[in-house]
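Student: I have a structure to go through and would like to know how its features get their names. Can we take them one by one?

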Amino acid sequence: QVQLVESGGGLVQAGGSLRLSCAASGGTFSSYGMGWLRQAPGKEREFVAAISWSGARTYYVDSVKGRFTISRDNAENTVYLQMSSLKPEDTAVYYCAATTSYVPTKEFRYWGQGTQVTVSS
């Protein structure tokens with residue numbers, strides 16, 4: 001059983017930056033692919049970014065490519081999402097999730113509680 005705890009959300013102006021962190025415990029972190037997903041009010045949860053267990057492969061939804069960067073530190077059992085050039089449409093609750101899938105964009109088994117990101121215009 002893996003426990004995930006997100007942090008780093010908050011209120012930021014459009015064009016600003018935030019870095020989200022997700023600390024994992026209770027499992028072998030380096031054996032999981034990790035993802036960030038988000039859910040805006042009234043919308044379905046959507047995939048944002050993912051990273052393979054080693055960090056060698058990363059994946060992004062088109063709307064964040066060039067603005068967001070996912071990374072991980074297996075020694076610290078933490079995955080990060082660096083968000084830059086934020087837009088109001090990035091406003092959502094951001095969730096960290098873990099998967100055993102080789103392509104780490106799906107089949108998430110463990111989820112964090114979420115952290116709110118609000119981008120003001």
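Tutor: We start with a definition: a charge sits over a ring if NZ of Lys or CZ of Arg is within 6 Å of the ring centre and within 35 degrees of the ring normal. Keep in mind that this is a predicted model.

Student: What makes Arg-45 count as lying over the face of Tyr-95?

Tutor: Arg-45 is at 5.1 Å from the ring centre of Tyr-95, and the limit is 6 Å. Another case is Arg-72, which lies over the face of Phe-29 at 4.4 Å from the ring centre.

Student: Why is the pair of Tyr-95 and Trp-111 called edge-to-face?

Tutor: Ring centres must lie within 6.5 Å for a pair, and planes over 60 degrees apart count as edge-to-face. For Tyr-95 and Trp-111 the centres are 6.4 Å apart and the planes stand at 80 degrees, so the pair is edge-to-face. Tyr-95 is in strand β9 and Trp-111 in strand β10, 16 residues apart, so the pair links distant parts of the chain.

Student: What makes Phe-108 and Trp-111 an edge-to-face pair?

Tutor: The distance is 5.8 Å centre to centre, with 65 degrees between the planes. Phe-108 is buried, with a relative accessible area of 15%. Tyr-95, Phe-108 and Trp-111 form one aromatic cluster.

Student: How do you know that Arg-38 and Glu-46 form a salt bridge?

Tutor: A side-chain nitrogen of Lys or Arg has to be within 4 Å of a carboxyl oxygen of Asp or Glu. The closest N and O atoms of Arg-38 and Glu-46 are 2.6 Å apart, so the pair qualifies. Arg-38 is buried at 5% relative accessible area, while Glu-46 is partly exposed at 31%.

Student: How many salt bridges does the structure hold?

Tutor: There are 4 salt bridges. One of them joins the side chains of Arg-38 and Asp-90, at 3.0 Å from N to O. Arg-38 lies in strand β4 and Asp-90 in the loop between β8 and β9, so this pair ties together parts that are 52 residues apart in sequence.

Student: What makes Asp-90 and Arg-67 a salt bridge too?

Tutor: Their N to O distance is 2.8 Å, and the limit is 4 Å, so they meet the rule. Arg-67 lies in the loop between β6 and β7 and Asp-90 in the loop between β8 and β9, so this pair ties together parts 23 residues apart in sequence. Arg-67 counts as buried at 12%, and Asp-90 is buried at 1%. Through shared partners, salt bridges join Arg-38, Glu-46, Arg-67 and Asp-90 into one network.

Student: How do you know that Cys-22 and Cys-96 are joined by a disulfide?

Tutor: The sulfur atoms must be within 2.5 Å. In Cys-22 and Cys-96 they are 2.1 Å apart, so the pair counts as a disulfide. Cys-22 is in strand β3 and Cys-96 in strand β9, 74 residues apart. Cys-22 has 0% relative accessibility and counts as buried; Cys-96 is also at 0% and buried.

Student: Why are β1 and β7 said to stand at the edges?

Tutor: They belong to an open sheet of 4 strands in the order β1-β3-β8-β7, with antiparallel pairing. β1 and β7 each have a single partner strand, so one side of each is left without a neighbour in the sheet. The twist averages 15 degrees from one strand to the next.

Student: What is the phi of Asn-77?

Tutor: Most residues other than glycine have a negative phi. Asn-77 has a positive value, near 55 degrees. Asn-77 lies in the loop between β7 and β8, and at 28% relative accessibility Asn-77 counts as partly exposed.

Definitions and conventions:
Residues numbered from 1 in each chain as written. Predicted model: local features only at pLDDT ≥ 70, side-chain atom pairs only at ≥ 80, totals over all residues. Heavy atoms only, no water. Buried < 20%, exposed > 50% of the residue type's maximum accessible area, 1.4 Å probe, protein only. Helix = DSSP H or I, 4+ residues; strand = E, 2+ residues; numbered from the N terminus. Pairing = 2+ DSSP bridges. Axes fitted to C-alpha atoms, helices over the stretch in contact; angles between N-to-C directions. Phe/Tyr/Trp six-rings, centres within 6.5 Å; stacked < 30°, edge-to-face > 60°.
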